[in-house]
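Hello,

Here is the structure I promised to pass on to you. Please have a look at it first, and then read my notes below.

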Amino acid sequence: MKLIVGFALAVAVATSGCVVGDESLPTEDDLPPAGAEAALSNNARTAFNFFVSKGFTPIQSAGIVGNLMQESGVLPTAVEYGGGPGRGIAQWSVGGRWNKDPINLVAFANARGMDRWGLRTQLEFISHELTTVSSFGLSELRATTTISQAVTVFQNRYERCGTCAQGNRVTYANQVLADYGGGSGGGTAPTGVTCYSQTLARAMPENACVQSKYDGEWYQCASGQWVDRFSNPNPCNGEHPL
């Protein structure tokens, strides 16, 4: 079963024409250009590979990503629908874990020279919170052995959502596990599948690694979609730096 891309979650993405000077909203400059590797990347797969690389089992990783799909579609520039405080892939709240709590995403990004709206930044921040704040349930999450358990622990201990729609989270997590949890790289690409690189202006073969001219990050072609190079366990089939 293929991963559902369109799902029943309204995500508002603000642009610079909406609220001038509001640093809690992404601007057009924070969005990858159409056709850039980041714009064409599979964020759910990148996130799954990231958490596996951090030592979580495929089931636990899928449970985390299923939650993120319900929260934001794993869209790092997601803004809570209706003008609410949620921001980013985990919908951290403005005035709280996004920018004000003692441990917050904006401070984390600034201290490391990272982009607060970047997917990799936000994935690293989730890992940082889990390993730093014991009440977010890391030990419980690592003890889970089923999708339902993993989804529930991350939902209740880390997300702490109001209306959680847990059934959706479990469904997404099962889809993630089915699509990406079958092997070291999450499955075998059909023969001849390529990824188009706007940086190189040509199609690239499976596992080709390209440094994007748009953000300087490395991306790897995986089953016809770009993923963050540093979250992909497969070796590069050719490296193409700037």
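A disulfide is counted here when a pair of cysteine sulfur atoms lies within 2.5 Å. Cys195 and Cys221 meet that cut-off, because their sulfur atoms are 2.2 Å apart. Please keep in mind that this is a predicted model.

The link of Cys195 and Cys221 is right-handed, with 80° about the S-S bond. Cys195 sits in strand E3 (residues 194-197) and Cys221 in strand E6 (residues 218-222), so this pair ties together parts that are 26 residues apart in sequence. Cys195 counts as buried because its relative accessibility is 2%, and Cys221 counts as buried at 0%.

How many disulfides does a search of the whole structure find? The search finds three, and here are the other two.

Cys209 is joined to Cys236 by a disulfide, with an S to S distance of 1.9 Å. This link is left-handed, with -90° about the S-S bond. Cys209 belongs to strand E5 (residues 209-211), while Cys236 is in the loop between strand E7 (225-228) and strand E8 (239-240), so the pair ties together parts that are 27 residues apart in sequence.

The link of Cys161 and Cys164 is right-handed, with 110° about the S-S bond. Cys164 has a relative accessibility of 14%, so it counts as buried.

If you number the bonded cysteines of the chain in sequence order, you get the pairing 1-2, 3-5, 4-6.

Away from the cysteines, I also took a look at Val153. This residue is found in helix H6 (residues 147-159). Val153 counts as buried because its relative accessibility is 13%, and the cut-off for buried is under 20%. Which residues is Val153 in contact with, leaving aside its neighbours within four places in sequence? They are Gly137, Glu140, Leu141, Thr144 and Tyr158. Gly63 is 90 residues away from Val153 along the chain, and the C-alpha atoms of the two are separated by 8.7 Å.

Definitions and conventions: Residues numbered from 1 in each chain as written. Predicted model: local features only at pLDDT ≥ 70, side-chain atom pairs only at ≥ 80, totals over all residues. Heavy atoms only, no water. Buried < 20%, exposed > 50% of the residue type's maximum accessible area, 1.4 Å probe, protein only. Helix = DSSP H or I, 4+ residues; strand = E, 2+ residues; numbered from the N terminus. Contact = heavy atoms within 4.5 Å.
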